[in-house]
Amino acid sequence: MTRSILWLRRDLRLTDHPALLAAIRDANHLLPVYIHAPEEEQPWQPGAASNWWLHNSLIALDRDLRKLGSGLIIAKGSSRLVLRKLAIKHQCQHLFFTCLPEPALIQRDSRVCRELTKAGVSCHQFHSYQLLGGNSIRRIDGGSYRVFTPFWRALQKQGMLQRSTEPAPKSLPPLPDEIDSLEIDSLKLLPSNPWYREFHNHWQPGEAGAFKKLHDFMQQTVNDYHTGRDRPDLSDTSRLSAHLHFGEISPVQIANGLSARIGGTPAYTDNEGASQYLRQLAWREFAIDLLANNPDTDRLPFDSRFADYPWRSDKQAKNLLQKWQRGETGIPIVDAGMRELWQTGWMHNRVRMIVASLLTKNMGIHWLDGARWFWDTLVDADLANNSLGWQWSAGCGADAAPYFRIFNPVRQAERFDPNGNYIKRWLPELSTLPSKSLYAPWMAKTSELFKAGVQLGKTYPEPIVDLQSSRREALQRWESVKRRSNTAGSK
Ligand SMILES: Cc1cc2nc3c(=O)[nH]c(=O)nc-3n(C[C@H](O)[C@H](O)[C@H](O)COP(=O)(O)OP(=O)(O)OC[C@H]3O[C@@H](n4cnc5c(N)ncnc54)[C@H](O)[C@@H]3O)c2cc1C
């Protein structure tokens with residue numbers, strides 16, 4: 001009698017699931033278990049919006065497992081102890097799981113495997129979280145990449161579409177008798193502040209929701225992705241990030257789906273939209289690789305010259321941070337983004353870059369303060385992507401935007417929200433301002449503001465930073481950092 005445990009973490013799906021397929025191969029009984037152990041991810045235990053997603057994703061997965069004759073066992077506590085107890089109680093011989101390439105989780109998983117091996121359980125790990133798993137993209141000298149373009153070339157060279165994807169099993173081995181499981185509700189994942197009420201209008205957590213998003217993207221927008229992906233006023237991106245983070249769809253399923261849709265390999269096709277999309281998926285691979293090989297970069301700057309950067313943390317900075325979080329900076333594209341984030345749990349990539357640049361460069365506030373806010377409010381909060389995105393925007397990351405390139409949010413908005421529709425959607429109080437004043441209401445004529453019913457400081461804030469002088473100050477801070485590191489280097 002073979003009994004196997006399938007330890008589900010961020011692989012909350014039934015299709016293209018190598019660990020699941022291996023687990024059921026010879027099993028008479030399968031124990032699919034989710035263990036709630038947020039403290040094992042410290043200091044980055046999942047934030048509130050992620051927990052909202054997870055709650056709903058677990059419900060969807062349990063439903064899907066039941067349809068195939070199984071069900072999800074819910075437990076909480078130390079993963080090591082829960083799995084050991086489960087294995088001993090139900091006399092399981094095998095543990096199967098999908099590798100998660102984050103530093104804290106890699107260590108946790110090896111502790112679990114040591115413990116279970118001692119208890120006579122054999123552990124089997126599978127890669128499906130990445131296009132190519134297992135640290136397989138290496139420079140010729142064996143080191144890891146620090147710059148995206150050569151990484152991307154190497155990824156293409158290795159062949160991204162190496163494996164075909166598998167459908168879900170038609171049925172699953174049953175659970176053994178007398179299984180103890182907690183209720184999903186008892187994990188108390190839903191945040192106490194119900195700000196997430198509207199999220200259901202935007203997202204359907206779970207595998208079915210992921211495939212619906214993929215299908216819509218393939219049918220409607222992939223061909224325009226290269227021109228539309230930078231436009232927050234359009235819906236030309238896939239919005240698959242949270243589904244990918246929770247493993248409700250695998251990147252190989254997306255890449256293979258893309259090939260099938262365009263009738264060729266996306267990296268080599270004339271379909272500019274498809275190849276650009278694959279390139280963005282490769283940024284996710286790069287972020288994962290970077291964090292796995294530089295485990296401190298969730299906290300420390302990748303560029304060590306920024307180790308002593310004079311980030312502001314005075315009382316005024318705290319006040320600015322709060323206004324940024326609330327979408328009350330008085331700079332419309334920034335406030336629109338922060339309100340999109342609050343109301344939907346997601347923000348367009350272009351706007352993420354703009355709000356991050358304003359916070360770290362114009363306001364001089366530490367990128368970690370921004371990263372933490374995103375961590376708590378994004379449904380797609382992901383340690384690798386978030387760390388890369390913030391460090392990139394702050395200028396201290398791998399392959400980062402040069403520090404002196406400071407986004408002007410007004411110019412960015414004019415360029416990427418050319419009709420102002422994105423700003424109007426999230427800031428209805430400005431919606432009757434004429435286009436040319438919408439991007440910088442503080443420059444508008446009094447008569448225009450009056451006509452549009454806008455009272456700066458009352459119905460909409462005055463800008464909390466002066467874009468020109470704060471830019472100059474940011475450049476001065478950067479010059480002082482450069483001088484210090486040059487002096488240190490020449491000693
Ligand atoms: C400051 C900042 C913070 C960010 N934090 C996160 C985060 O916590 N989680 C997260 O998933 N992404 C993060 N990103 C990257 C990017 O903004 C999102 O992945 C993207 O907006 C998700 O929307 P989408 O699925 O429609 O993307 P699409 O444009 O459809 O791209 C498809 C997929 O490719 C990957 N991808 C796209 N762009 C990037 C990128 N720049 N870096 C890494 N992967 C990328 C994502 O997995 C995405 O789902 C951040 C970017 C910045 C600038």
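Start by selecting Arg350 and Gln412: their side chains make a polar contact at 2.9 Å (a pair of N or O atoms within 3.5 Å, where one must be able to donate a hydrogen and the other to accept it; residues adjacent in sequence count only if both atoms are side-chain atoms). Before moving on, note that this is a predicted model, where local features need pLDDT of at least 70 and side-chain atom pairs count only at pLDDT 80 or more, while totals for chains, interfaces and linings use all residues. Residues are numbered from 1 along each chain as its sequence is written, and side-chain values use heavy atoms, with hydrogens and water left out.

Arg350 sits in helix α13, residues 349-362 (helices are DSSP runs of H or I, at least four residues, numbered from the N terminus). Is Arg350 buried or exposed? Arg350 is buried, at 11% relative accessible area (buried means under 20%, exposed over 50%, partly exposed in between, with a 1.4 Å probe and protein chains only). Beyond four places in sequence, Arg350 is in contact with Asp230, Phe407, Gln412 and Phe416 (contact means heavy atoms within 4.5 Å).

Next, select helix α14, residues 367-377: eight of its eleven residues are buried. Trp373 and Phe374 are among them, and the cover over the buried residues includes α2, α11, α12, α13 and α15.

Now pick Trp324, which touches Val334, Trp373 and Phe374, among others. Trp324, Val334 and Phe374 have the most contacts inside the largest nonpolar core, of 100 residues (a set of buried Ala, Val, Leu, Ile, Met, Phe, Trp, Tyr and Cys residues joined through side-chain atoms within 4.5 Å). Helix α10 gives that core its largest share, ten residues.

Conventions:
Helix = DSSP H or I, 4+ residues; strand = E, 2+ residues; numbered from the N terminus.
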